[in-house]
Amino acid sequence: HIERGKVRKREKERMTLLCVPLVSKTVEQMVADMAAAKACGADLVEIRLDHLSNFDPRRDLQLLLDDRPLPALVTYRPKWEGGEYEGNDKQRFQALCLAMELGAEYVDVELKVAEDFVRLISEKKPENFKLIISSHNYQSTPSNEELSSLVARIQAAGADIVKIATTAVDIVDVARMFQVIVHCQQVPMIGLVMEEKGLISRLLCPKYGGYLTFATLGAGKESAPGQPTISDLLNVYNIRQIGTDTKVFGIIGKPVGHSKSPILHNAAFKSVGLNAVYVPFLVDVLADFLNAYSSADFAGFSCTIPHKEAAVRCCDEVDPIAKSIGAVNTIVKWPTDGKLIGYNTDYVGAISAIEDGIRGSKGVGKDETVSPLAGKVFVVIGAGGAGKALAYGAKEKGAKVVIANRTYERARELANLIGGHALTLSELEKFHPEDGMILANTTSIGMQPNVDETPLKKQALGAYAVVFDAVYTPKVTRLLREAEESGATVVSGLEMFIRQAMGQFELFTNLAGKLY
């Protein structure tokens, strides 16, 4: 009764409910998972009957619904709508009706058969029971017009709650779902976009008025592609604090799932009491993304591989240093006119981390006036956005910069830009003009899951006094491990990550000061 009261209160306040799907094969495990869901902070559970082995409706529904610790949404999803059930609808409907009679707060039935089911329960429907009528598209996300038409059809079929789940081919698809949810005023709506590119539809539900979002107890317990864990929703994204006025920041990249930026920035926003959330954006084409999410609510972005150079072209104005580097890793949207301003915090973050690493190894204080990079051969692997930032920063500190890249033309282009020397990666294996050189890897080689890869063989590392790797997942890459074994001082990409993020946070919060 207490949990039902909480749900009714959140419904009245139009707060998005957190629903944990239960997909275990046994009733006993589902009961245990239900208790775990309550302990984690869920509002309700979805009991997926189609996942149960040897399901006996009268026996099992009684066990699942009696003395349940949370309100229940009961689903018996057929194979033709992405579920596991392969029997006939008559038996399926009987089980769903029984769940309703035993006190389940919600039942989910598919639009294709909704008319038959609504007719079946028309005389039996309890007062506090709600029927969810759902439609799932596992191929794409339709147009705004098609989605709106689908909402109208589901409403007309007799839904107390409309549910539409589509698939994200591109992250811009999610923007259409947000628009449809906002304009669905007559009945509550669950609007979710599946797969990793659709993750923001699940994280930003409360901002757009989604009735509920699904969150798993852990990896392997998902009922649909792209569901986050309830722990992440509550503890990383602070979903209970997200509302219509919440500003959205995030990291744009491909890949982006490995990034620790949401953990760092959301904790920082929370610590200063900022009404903002920071989410991952898996983006194919940067210009398309920025055009789709052009509202002032999307206030700032971090940019990572492979979008840093494209960001220079997409911004309305670019900070002179970022322009000199030719790469932007931070975009802020000016609230008054919507202009996109590009910055680069990579070069300060990386160079200061390497300098402090050298000074620490020599026992020299940080107040040293001349950079320890001055006069040193500084080899940068990679000629992308991060490579440009490192090359620029090292040159500014007086280092002799060498660019090594898989494509020699790109290495030569960057070397000519900053007044350095260019090599291919194969040439770098034998490059040894002097001892005590500095090496900086700015490529994604060695990043999870490809942890056994390295940009430079161990036998070539003996010439370097300091080795830096921009990769920070894992914290100790194969390159760093073998460099340390070869006697070099190593600097983790985590140092750069934290320092560049601090610079971004200052830019974001300064912008936020103009917004609030």
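Is Asp56 buried, exposed or partly exposed? Keep that in mind as you go through these close-ups of a predicted model.

**View 1. Asp56 sits in the loop between E2 and helix H3 (57-65).** The answer to the opening question is partly exposed, because the relative accessible area of Asp56 is 32%, and buried would need under 20% while exposed would need over 50%. The side chain of Asp56 reaches over to the backbone nitrogen of Arg59, at 3.2 Å. For a sense of scale, take Ala276, which is 220 residues away from Asp56 along the chain: the C-alpha atoms of these two residues are 47 Å apart.

**View 2. Eight strands line up in an open, parallel sheet.** Reading across, the order goes E7-E6-E5-E4-E3-E2-E1-E8. The edges belong to strand E7 (189-194) and strand E8 (212-214); each has a single partner strand, so one side of each has no neighbour in the sheet. On average, neighbouring strands here are turned by 25 degrees against each other, ignoring direction. Helix H5 (residues 111-121) packs on this sheet, where it touches strand E4 (106-110) and strand E5 (130-136). The direction of H5 makes about 130 degrees with that of E4.

**View 3. Here we zoom in on E2, E3 and E4.** Strand E2 (residues 44-48) runs parallel to strand E3 (residues 72-75), and four bridges join the two. Look for Glu46, which stands opposite Leu73 in E3. Leu73 also has a bridge partner in E4, namely Tyr106. E3 and E4 pair in the parallel sense too, over three bridges.

**View 4. Strand E4 is largely enclosed by the rest of the structure, because five of its five residues are buried.** Follow the side chains along E4: Tyr106, Asp108 and Glu110 point one way, while Val107 and Val109 point the other way. Whichever way they point, all of them are buried.

View 5. Leaving aside residues up to four places away in sequence, Arg202 touches a whole list of others, among them Leu192, Val193, Met194, Thr213, Phe214, Pro225, Leu233 and Ile239.

Key. Residues numbered from 1 in each chain as written. Predicted model: local features only at pLDDT ≥ 70, side-chain atom pairs only at ≥ 80, totals over all residues. Heavy atoms only, no water. Pairing = 2+ DSSP bridges. Axes fitted to C-alpha atoms, helices over the stretch in contact; angles between N-to-C directions. Contact = heavy atoms within 4.5 Å. Buried < 20%, exposed > 50% of the residue type's maximum accessible area, 1.4 Å probe, protein only. Polar contact = N/O pair within 3.5 Å; in protein donor to acceptor, adjacent residues only side chain to side chain.
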